Each structure stands twice: as C-alpha cells, then as structure tokens.
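Here is a short report on a structure. Look at the sequence and the fold before reading on.

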Amino acid sequence: MSNEDITLTAGDAEATVQPGNGGRVGGLRVGGLELLRQGDKFGCFPMVPWCGRIRNGEFRDGATVHRMPLNSPPHAIHGTARDGVWSTARVSADEAVITYDLVEPWPCPGRITQVVALTEDSLTLTMSVETYASSFPAQIGWHPWFHRNLAGTDVRLDFRPGWQEERGDDHLPTGRRIDPRPGPWDDCFGMPDGVEVTLDWPGLLELTVSSPEKWVVVYDEQEAAVCVEPQTGPPNGLNTHPRLVTPLEPLEATTTWSWRRA
C-alpha cells in the first residue's frame, strides 16, 4: 500500500496519520479544535529505537560500541524512525497499521509496527519492535506537541510523579532520583504505577495521556506547545536501562490519550 496521509474518523474526532513523514500523527481534531502543533517536524512522532538523547551518540550492545549520528550535538536524539518513510499495512475508518524496517545508521535489522486507533473520546498508539536476527537494546516512546493555547485558553498540566530524574549540565539524567521540582521542564519523571498526565484547557477540553510505562518526559519550555512523552525508559536509556529485543520477545508499548469535552 502507499505511504500517503491517512485520515481516521470517529464521531467528531479526526486523526491524520503520516506514514511518509516518519510515521507521525500529523493532526488530531476534536470538535473542530486542532490539538497538535502543525508542521513537518511536529504533530506526534514515534521515538524509536531510542528515546531522547544518547550520550555522545554511543551505546553498548554487549562488547560492541555503536555510534549514531550526532543530530543534537554532542548527542544523538529521538531515534531514526521519525526520519524514515513508513509503509501502510492496513487501514479502516478508525484504525491504521503502519510499519518501518530499521536500516542504517541503526546497526541491527528489525521491524517496527505502529497501530493508531481512534474512538470518539480517545486515541491509542501501540508500537512494537521485533527482530528475526540478533538481539539488540531498544526503546519506544512518543513525542506529541500539544498546543499550549486553544481558542485563547492556556493549558494547565497536572501529574503526580514518584520522582524526577536529576538532569546534568549535558541535559542527560545523572542517575540520581530527586523530589519533583517546579517547572518549566525539559525533564524526565518516574511514575511507578504508570504514566498519567492531564492537560486541561479550562472550559474547552481535558485530555489525559496514560501509559503502562513508568517514564515520561515533560517539555514545556516552548511558548507554542507542551510535550508529554511516555517512554519505556529515561533519556540515555540504551546505556542505563536497556530493554532487549530478541527473536522470541519483541519490545512493545502503548499510550492512550483520552479526552472529555467541557
């Protein structure tokens, strides 16, 4: 099938999936309100096969050190799949399944599958990384750019993390867990019972980002948007909290955005 944009609809909700632009969700409209910042680099892109930054672009797989391109010097950031062209495997009115085969510069063969499922009051993203060759470490995450302001109303964030990953001068976690500090943030938080972050545009819409995963990066330093990024490990996690993809056990993750209209 082609890699052209896909439009999903359910009630007054509409999502645009862009296989040809890194497998991202390019837009999400609810009741005529566009919730995601628009543009080729925005929407909501998948972070895979790693999330956030890798220190100096290097990670170890057993005795082998692999080096990724430094696209956020001195680090590598947000994986390779967001820069690739995905393929459409299956589409219905309210669900799309898209795939991406890992290629250079990622050193290990594998396939990523993402399912985007829309209902009248939720969007669920499910992703898996699988291999039929050698095992390798990987991460899964999502990087949505939610509009800070909708129809003249600024968003309010509410979440109760168990800890904050202390951020070093190099923008990476130091390995220390600290008590959560007030924002603004470009920081990773631990939520041991699963991610749950609410974005509330009072009088318009309340949206909750949830995931069974235990880490979330919150980025609200930009005037135009707020990012809430559930992921399977912290930044630099290929080195500090690796999750192994094997021929017998893929890496899987999911997140759901559910909303209530005012």
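## Cysteines, cores and a sheet

A search of the whole structure finds zero disulfides, a disulfide being a pair of cysteine sulfur atoms within 2.5 Å. This is a predicted model, where local features need pLDDT of at least 70, side-chain atom pairs count only at pLDDT 80 or more, and totals for chains, interfaces and linings use all residues. Residues are numbered from 1 along each chain as its sequence is written, and side-chain values use heavy atoms, leaving out hydrogens and water.

Buried means under 20% relative accessible area, exposed over 50%, partly exposed in between (1.4 Å probe, protein chains only).

Next, the cores. A nonpolar core is a set of buried Ala, Val, Leu, Ile, Met, Phe, Trp, Tyr and Cys residues joined through side-chain atoms within 4.5 Å. The largest has 61 residues, and L28, L123 and W257 have the most contacts inside it. A second, separate core of eight residues includes F45, M47, C51 and W145.

Now the sheet. Strands are DSSP runs of E, at least two residues, numbered from the N terminus. Two strands pair if DSSP finds at least two bridges between them. Eight strands form an open, antiparallel sheet in the order β10-β11-β12-β13-β28-β24-β23-β19. Its edge strands, β10 (87-91) and β19 (156-158), each pair on one side only. Eight bridges join the antiparallel strands β13 (residues 122-130) and β28 (residues 251-261). M127 stands opposite A253 in β28.

How values were computed. Helices (H or I, at least four residues) and strands (E, at least two) are DSSP runs, numbered from the N terminus.
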